[in-house]
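Thanks for coming. Please look at the sequence and the structure first.

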Amino acid sequence: MDGKSGSGSAYVRWLSRVSLLLLSLHTVYVIGWAVVDIAVRTGMWPVGSWDWDAAAFFASLSFWQEATFFSSTALAMVSIWLHLKRSALIIPVFLVSYFLYRLDSFFLTLNDLFNGVGGFETFAPMLVLQLALLLALMLLWGEGYFDRSVFRPSQDRA
C-alpha cells in the first residue's frame, strides 16, 4: 500500500488512530508544561499552587535546557501535522523530538530543585507512552501507511 492510497486494513486504520491519540496525548502534555513554564516566568502562574517553588525551579533551568524542551515541544506539534498528512517525515521529526525530550528529562534529574516536582511517577508513564508511540509509528511505516516519496529523488516523484 503506498502512502496516499486508501485507508488500508482495519488493523492499519486502528493503528493510525491509536498512534494519533498517543501523539496527541504526548503533545498536550508537553504543551501543558510549556504553558506552565511561560506562565511562571511571566508571573501569571498563581504563587503557592504547588508544594514546590515553581519560580525557583524554572529560574534554575539553563537557556540550553529550555531550548531543548521548547524545540522538542515544537517538533511534537509538527509531528501531529505530519501524521495528519501521512508524511513519512514524521519518523525523523518525532525521533528528534523524542531525543530532545529525553535529553531535557535527563538534565531535570540533575537539578536539585526537581526533587518533589517529578520522578518515576512522571517519567515512567511518559516513557511508556512515547515507546508505544514509536512502535506504532514504525509499524505504520512498515505497513506503508506514510507517504515515502519525500525520500525519493525528485525525478521519481510523478
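Before the first pair, one definition: an axis here is a line fitted to C-alpha atoms, for a helix over the stretch in contact, and the angle between two axes runs from 0 to 180 degrees between N-to-C directions. Two packed helices are described by that angle and by the distance between the axes.

This is a predicted model, so a word on confidence. The protein chain has an average pLDDT of 86, and 86% of the residues reach at least 70. Among the elements, helix 3 has the highest mean pLDDT, 97, while helix 2, residues 54-59, has the lowest, 86. Residues 1-5 fall below 50, and this stretch has 18 contacts in the model beyond near neighbours in sequence.

Now helix 1 and helix 3. Their axes come within 9 Å and cross at roughly 145 degrees. The crossing is left-handed. By class, the residues of this contact are 13 nonpolar, 8 polar and 3 charged.

Next, helix 3, residues 63-84, with helix 4, residues 90-109. Here the axes come within 8 Å, and the crossing angle is roughly 150 degrees. That makes helix 3 roughly antiparallel to helix 4, since an angle over 145 degrees counts as such. This crossing is left-handed. Who meets whom? On the helix 3 side the residues include Phe69, Leu75, Val78 and Leu82, and on the helix 4 side they include Val93, Val96, Leu100 and Phe107. The contact of helix 3 with helix 4 has 14 nonpolar, 7 polar and 1 charged residues.

How far apart are their axes, and at what angle do they pack? The axes are 13 Å apart and the angle is about 40 degrees. Helix 1 and helix 4 are therefore oblique to each other. Their crossing is left-handed. Helix 1 contributes Leu23, His26, Tyr29 and Val30, and helix 4 contributes Ile90, Phe94, Ser97 and Tyr101. That contact divides into 6 nonpolar and 2 polar residues, with no charged ones. Going back to helix 3, Ile90, Phe94, Ser97 and Tyr101 of helix 4 are also among the residues that meet helix 3.

Last, charges. Side chains of opposite charge can pair when their charged atoms come close. How many salt bridges does the structure hold? There are 2 salt bridges. One of them joins Asp37 to Arg41, with the closest N and O atoms 2.7 Å apart. Both residues belong to helix 1, residues 10-41, and they sit 4 residues apart, about one turn of the helix.

That is the end of the talk.

Notes. Residues are numbered from 1 along each chain as its sequence is written. This is a predicted model: local features need pLDDT of at least 70, side-chain atom pairs count only at pLDDT 80 or more; totals for chains, interfaces and linings use all residues. Side-chain values use heavy atoms; hydrogens and water are left out. Helices (H or I, at least four residues) and strands (E, at least two) are DSSP runs, numbered from the N terminus. Angles under 35 degrees count as roughly parallel, over 145 as roughly antiparallel, 65 to 115 as roughly perpendicular and the rest as oblique. A crossing is left-handed if the near helix is turned anticlockwise from the far one by less than a right angle, and right-handed if clockwise. Contact means heavy atoms within 4.5 Å. Ala, Val, Leu, Ile, Met, Phe, Trp, Tyr, Cys and Pro count as nonpolar, Asp, Glu, Lys and Arg as charged, and the others, Gly among them, as polar. pLDDT is the predictor's confidence in each residue, from 0 to 100. A salt bridge is a side-chain nitrogen of Lys or Arg within 4 Å of a carboxyl oxygen of Asp or Glu.
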